[in-house]
Amino acid sequence: MIQIENLYAGYVGKTVLKGIHLEFRPGELLAVLGPNGCGKSTLLRTVNGLLPKTSGEIRIDDIPIEDLRIKEIARKMTYLPQVRAVPNITARKLVLHGRFPHLAYPRRYRSEDYEIVDQALCMVGAEELSDCPLNELSGGQQQKIYLAMALAQDTATIFMDEPTTYLDVGCQLEVMELGRRLADEGKSVVMVLHELCLALRYAHRIALISKGELCQIGTPQELYHSHILEQVMGVSLGCVETEQGIRYYYK
């Protein structure tokens with residue numbers, strides 16, 4: 001489990017995150033919500049060691065992140081950023097990059113690495129894209145391949161920054177179903193999302209951030225009934241009971 005205590009972080013001359021207390025639990029899909037510029041992506045980048053923290057503590061399985069090497073961190077958590085380069089390689093070769101933290105130098109792939117990669121491509125429904133050049137795929141197809149690379153890294157915690165970007169509605173639902181399935185299998189899944197109704201439908205808990213501070217954390221029902229999502233996000237929400245469970249909508 002990853003724990004954050006009194007975290008302050010940001011960029012040179014600008015503090016973005018202010019006193020964040022949060023934990024990412026196994027078996028849970030946590031949605032991180034908030035207005036643009038509130039610090040959601042900064043949170044993910046800081047927890048993954050890509051941005052230095054100003055103060056506070058980040059602990060991974062009770063070990064301070066400063067005491068772990070980069071490769072050790074990469075074996076414990078996966079980070080799928082919002083903006084990514086598109087190299088001129090095939091989809092399968094990109095997904096193989098997810099195995100790097102598990103390989104010794106020089107990198108030589110084993111049969112188990114290829115098996116894990118093929119399973120990851122299958123999980124995101126992209127096995128037919130395996131041999132396609134990545135730069136010839138659509139934005140939605142590329143997103144699936146990057147998701148497969150994140151799965152191939154095979155870590156206990158997976159951070160995804162806007163994983164439904166570029167995807168049509170059907171594919172968005174597939175990604176959210178995948179996130180829930182991974183959480184049900186015991187992984188900790190953390191998603192930064194802008195689509196509130198998806199977060200309310202699929203997340204076990206929601207962390208709402210505003211102006212760099214954690215406003216509230218709780219179940220979707222708790223945040224919905226508190227009306228804080230409407231206050232912070234500037235929207236009006238409703239819900240309806242269906243045979244498949246509660247469904248949320250914009251009024």
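In this predicted model, helix α4 packs against helix α5 through two sets of residues: Ile116, Val117, Ala120, Leu121 and Met123 on the α4 side meet Ile145, Ala148, Leu151 and Ala152 on the α5 side. By class, the contact of α4 with α5 comprises 9 nonpolar residues, with no polar and no charged ones.

The two helices span residues 111–123 (α4) and 139–152 (α5), and their axes come within 8 Å of each other, crossing at roughly 135°. Angles over 145 degrees would count as roughly antiparallel and those from 65 to 115 as roughly perpendicular; α4 is therefore oblique to α5. The crossing of α4 past α5 is right-handed.

Aromatic side chains are a second topic. Over the whole structure, a search finds 4 aromatic pairs. One of them joins Tyr224 and Tyr248 in an edge-to-face arrangement, with 5.3 Å from centre to centre and 65° between the planes. Tyr224 belongs to helix α8 and Tyr248 to strand β12, so the pair ties together parts that are 24 residues apart in sequence. Tyr224 and Tyr248 are both buried. Elsewhere, Phe100, Tyr109 and Tyr114 make up one aromatic cluster.

The elements named above are listed here with their residue ranges.

| Element | Residues |
|---|---|
| Helix α4 | residues 111–123 |
| Helix α5 | residues 139–152 |
| Helix α8 | residues 220–226 |
| Strand β12 | residues 245–250 |

Methods: Residues numbered from 1 in each chain as written. Predicted model: local features only at pLDDT ≥ 70, side-chain atom pairs only at ≥ 80, totals over all residues. Heavy atoms only, no water. Axes fitted to C-alpha atoms, helices over the stretch in contact; angles between N-to-C directions. Helix = DSSP H or I, 4+ residues; strand = E, 2+ residues; numbered from the N terminus. Parallel < 35°, antiparallel > 145°, perpendicular 65-115°, else oblique. Left-handed = near helix turned anticlockwise from the far one by under 90°. Contact = heavy atoms within 4.5 Å. Nonpolar A, V, L, I, M, F, W, Y, C, P; charged D, E, K, R; others polar. Phe/Tyr/Trp six-rings, centres within 6.5 Å; stacked < 30°, edge-to-face > 60°. Buried < 20%, exposed > 50% of the residue type's maximum accessible area, 1.4 Å probe, protein only.
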